[in-house]
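Biologist: Could you put the model up, so that we can go through it together?
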Amino acid sequence: MNSHAATIDHHHDATTATGIPNKKLLWWAFLASDCMFFGALISTHLVYRLNPPPGNAVPTQIFNIELTSFSTFILLMSSLLMALAVNAIQRGNVRSTRTMLLGTMFFGCLFLGGQVFEFTHFVYVKKMTLSNSIFGSTFFTLTGTHGTHVAIGVLLLGMMYVRTFKPAQGGGLLLNFVHLLAVCVTFGVAFIWFVPGMIEVVYGASFSELLREHAIPFAAGIVGLIALIALGRTRGAVEFGEKNAIDVEAIGLYWHFVDIVWIIIFTAVYLLEYL
Amino acid sequence: MSAPATTADAGHHEPSKFHFYIQIAMILSVITGVEVVLVYLPIAKWFVVTALCTLSAVKFMFVIFFFMHLRWDKVFCTILFFIGLVLAGGTMWALLHIFGADASKPLSAAMLETAHLAIA
């Protein structure tokens, strides 16, 4: 690292009127507005739970609190890895940042896979759909919106991960595009097919049956994973460094935000139903 | 500035918060475990509801102040975020009270309540 890196202050920016980096300020403003969005969705769910129409679904007969508690733990741990990724890049450690970003994406995919399993189970086994009960409508809208936020977060983390490989001498656009494609395919297959399938296996389904049923996506996932490992090998000097800490921190703010929204949803939508 | 992919810590950067973050994550995990156990304990409902809300708020604050760095950032970031948070909380409070009033209850819910009273 040169001497310029030693002078980077990651919490204050003397070049802006507020002393706050503009990217960070923008993200905080967006997250404040997103608070209101989720506030409206959570209160809509609670209003209908407090005044349930006849024939409404009974949540405690539908929920699987063990799986949801596990998902909550996974999301908390992903927040830890995200914080460690920011910590690593603020110290100029690009390799550690990559590892932590991959870990965060992996945990995010575990959470999303749990949600895919949960939604599939609710629709096909418990017969609760988006349109056949008020509870289903508000529940799927709220948790689905949160899941979409998590999925967008995984994509943003993937883009940041690929960006850490951008060569210092410029170029490499096509290679970075292929790298991003590999990230999308690997993690997409993981949370849409692999993780929900493995949860089914934990609950007694056959692993060989799972492999037969989703052979094509799994093959695509393995190809994506091999490409991810091959492209993840060090390719010399990169442009990414401590000066990009604000970019990682900005994505981190978004990721932690989906975590705090889940903290509220877990209590308001799941736990309070068991009283 | 270009840095090699294996840039090592030269000792001139932000002090590492590695162990601190691990401790925060452990506290959050323990709180989550306590929350799950609480709902199965045979204690007063009001106490469980209060405890769950308090524990969630504690988790929320831990994440925003430590993981999201509000503790070390300029106070304006905290103010900006809390403007959204207070507006969201106020909206939730208002909606729950508006729809909690008898005149605002859905007709189907009122009919269900009447039916339950008749059965009792």
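Modeller: Two residues count as in contact here if their C-beta atoms, placed from the backbone, lie within 7 Å, and helices are DSSP runs (H or I, at least four residues) numbered from the N terminus. This is a predicted model, in which local features need pLDDT of at least 70, side-chain atom pairs count only at pLDDT 80 or more, and totals for chains, interfaces and linings use all residues. Residues are numbered from 1 along each chain as its sequence is written, and chains are lettered from A in the order in which they are written.

Biologist: Which residues of α6(A) meet α7(A)?
Modeller: From α6(A), A:V154, A:G158, A:M159, A:Y161 and A:V162 meet A:N176, A:H179, A:L180, A:V183, A:C184 and A:F187 of α7(A).

Biologist: And at what angle do the axes of α6 and α7 of chain A cross?
Modeller: Roughly 145°, with the axes coming within 9 Å; axes are lines fitted to C-alpha atoms over the stretch in contact, and angles run from 0 to 180 degrees between N-to-C directions.

Biologist: New topic: where is A:K127, and is the residue buried or exposed?
Modeller: A:K127 sits in the loop between α5 (94-124) and α6 of chain A, and has a positive phi of about 60° although it is not a glycine. A:K127 is exposed because 12 other C-beta atoms lie within 10 Å (buried takes 20 or more, exposed 12 or fewer, partly exposed in between, with C-beta atoms placed from the backbone).

Biologist: What about B:H69, buried or exposed?
Modeller: B:H69 is buried, with 21 other C-beta atoms within 10 Å; its phi is also positive, near 70°, and its place is in the loop between α2 (45-67) and α3 (75-98) of chain B.

Technical notes. Helix = DSSP H or I, 4+ residues; strand = E, 2+ residues; numbered from the N terminus.
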